[in-house]
Amino acid sequence: MARLQIRNLEKVYANSFKAVHGISLDVDDGEFMVLVGPSGCAKSTTLRMIAGLETITGGEIRIGDRIVNNLAPGQRGVSMVFQNYALYPHMKVRSNLAFGLKLKRRPKPEIEDATKAVANTLEIDPLLDRLPKQLSGGQAQRVAVGRALIKKPDVFLFDEPLSNLDAKLRASMRVRITDLHKRLKREGQSSTVVYVTHDQTEAMTMGDRICVMKDGCIMQVADPVTLYNRPENAFVAGFIGSPEMNLMEGTLAVNGGIRVRLADQVLTFGEDVGGRLDVTGGEVLLGVRPQHLRIAASDEENALEGHVSHVEFMGHEVYLYVDIADIRLVVVVPSEQYHPEDIRDDRIRLIPRKTAVHIFDRETGRNVSLSANA
Amino acid sequence: MAEQITVRTTPELESARTLAEGRRMHAISSAVRYALLAGVGFLMLYPLVWLIGASFKTNTEIFANPGFIPSEPTLNGYIQGWKTSTPYTFATFFWNTFLIILPKTIGTAISCAAVAYGFARFEFPGKRILFATLIATLLLPNVVTRIPQYLLFRDLGWLDTFLPLWVPSAFAGDAFFVFMLIQFLRAIPRDMEEAARVDGANTLQTLIYIVVPMLAPALISVCLFQFMWTMNDFLGPLIYLSSVDKYPVSLALKLSIDTTEAFQWNRILAMSVLALVPALTVFFLAQKYFIEGISTGGVKG
């Protein structure tokens, strides 16, 4: 039962490179928090600081009601699953699982019971007498999860645990881990999780909340739905969602109507955008997700006209790559709504869904279309 | 008709012929290669084979008969050689060697593993300078340090004891082994050690339970090298040991040359063969690990 609190956490390396810029984050008891970001955003460093594998150069980390800054990793009440499994190669699976408890000098019968219970949960009983090198990737990862589970830690830390697995196995392990988390929560065991990944699909599907990081700073912390629908800045907007949100450079003018000039075209918006704007003009990025663009009927006004450069058929949907002057857009259309004969001379007219349009300040990247009444 | 058949089969025949020719060429080249290898191998092995053969000859036959198969095999060399011309048998000398090798090998393994772990895994002030010093001692010729070392051990009152022969090694005095282990450790990812720390192991427990088992192949090589080099070390015992009852095998072999006017070569050779046995036995027992240790470590390059 523990909540994890991070206050103004900083990491400066000996060569004075600042990796983490004073981040603060609260992870509630039993919450599944995902740290996500592109490589080099210091998400792993943050996780390793929570684990105690990296020294903390500023700020504090609190697990439950203890400040753990100066505690050894083993005393923090955390357990960690590593990307490369990090199983002890010379020990059988059984000893790998029991190692932590053995170090704590727990009585033998207790260790045996705990090992059996964990092996049962993760369905690794038949593997107990194997060496790590005799395991497949998925099996090894399950043992690594088991090694974390057996200690009944306050906080579970996962460092990109699925990135060494193939796509199919990754999907099944994803479900397995979330199931496990739900089960621990139901059983009233401590189940606070911090999970690091660079894969936004993993983040969106697994996290209760997601913390998006970039260059050692937190960009936004929110639940997946909020993150997708109300990104606070252009970075989050671009990072979450697949394919990426289209971000088009343009100029915003608010006088009477809302007008956004993109290259040589102008889009006008009504109150559904105007009502949530908190600026009156300037250089902006217009953000529209590929799923929120539709092909215009021939008599519709206020559409963006572009040139289809190529088309990818994905089965249930079709990806259209559209060039408007030097802006490249991706449009996702459900297959049944895509009729090649609608596109004449590779010209296409697109209409964005007004309620799903975002406008970002081009300089700061801040979303200026998030005002309260939206 | 016959012509037709010939026409039809010529390409097949030809391809079969080239195939057979290729196979024959391959066989010849392998034969030549193996013959050459076997020849050179035999050349290398010949002194050893001759040594073993000669140890069963009588003293007169050794110089009379150039072949290595004794005409009248005798164990005389072994029996007489074992007794030696001193009050001690070779059992004493083997025991002395053992008393030097055992603490030296164990001490080397423990101390070098600890020092290498420190250098490979921790940041501490002065690490670079200390490491440079370590490597510098590696490059220092042994001869240079002989006299200062002798004076040091004399002042400690360690002359004519086994201490000067093993104590320096038991405190990671052999920079080569430390270096070899550091290189080996660098190739091992740190994840396992970090996992152990998260599991609650302290530094020493991590070293003992995680690092040492992973280092095992390299440690076995270290022990083996130390074993063989100590077994063969002549100069060290020669300098520091003066009483015959403390002589190790290497010195005792020379003893039989010194004390008799006419050398009893058969005895010397017989004892040489015996002196080879421990090193060879240990080597063949540990061969698998030994090769793993030097090939995955940094020694190769």
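**Exercises on strand pairing in a predicted model**

S1(A) and S2(A) form a hairpin in which 5 residues lie between the two strands, and Ser16(A) in the turn has a positive phi of about 65°. This is a predicted model, in which local features need pLDDT of at least 70, side-chain atom pairs count only at pLDDT 80 or more, and totals for chains, interfaces and linings use all residues. Residues are numbered from 1 along each chain as its sequence is written, chains are lettered from A and ligands numbered from 1 in the order in which they are written, and side-chain values use heavy atoms, with hydrogens and water left out.

**Exercise 1.** Determine how S1(A) pairs with S2(A) and with S4(A).

*Solution.* Strands are DSSP runs (E, at least two residues), numbered from the N terminus, and two of them pair if DSSP finds at least two bridges between them.
- Step 1: S1(A) and S2(A) (residues 18–27) pair in the antiparallel sense over 6 bridges; Leu9(A) stands opposite Ile23(A).
- Step 2: S1(A) (residues 4–12) is joined to S4(A) (residues 58–63) by 5 bridges, also antiparallel; Ile6(A) has Ile61(A) as its bridge partner.

**Exercise 2.** Identify the edge strands of the open sheet of 5 strands in chain A.

*Solution.*
- Step 1: The strand order is S13-S12-S11-S14-S20, with antiparallel pairing.
- Step 2: S13 (265–269) and S20 (358–361) each have a single partner strand, so one side of each is left without a neighbour in the sheet.
- Step 3: S14(A) (residues 281–288) is joined to S20(A) by 4 bridges, and Gly287(A) stands opposite His358(A).
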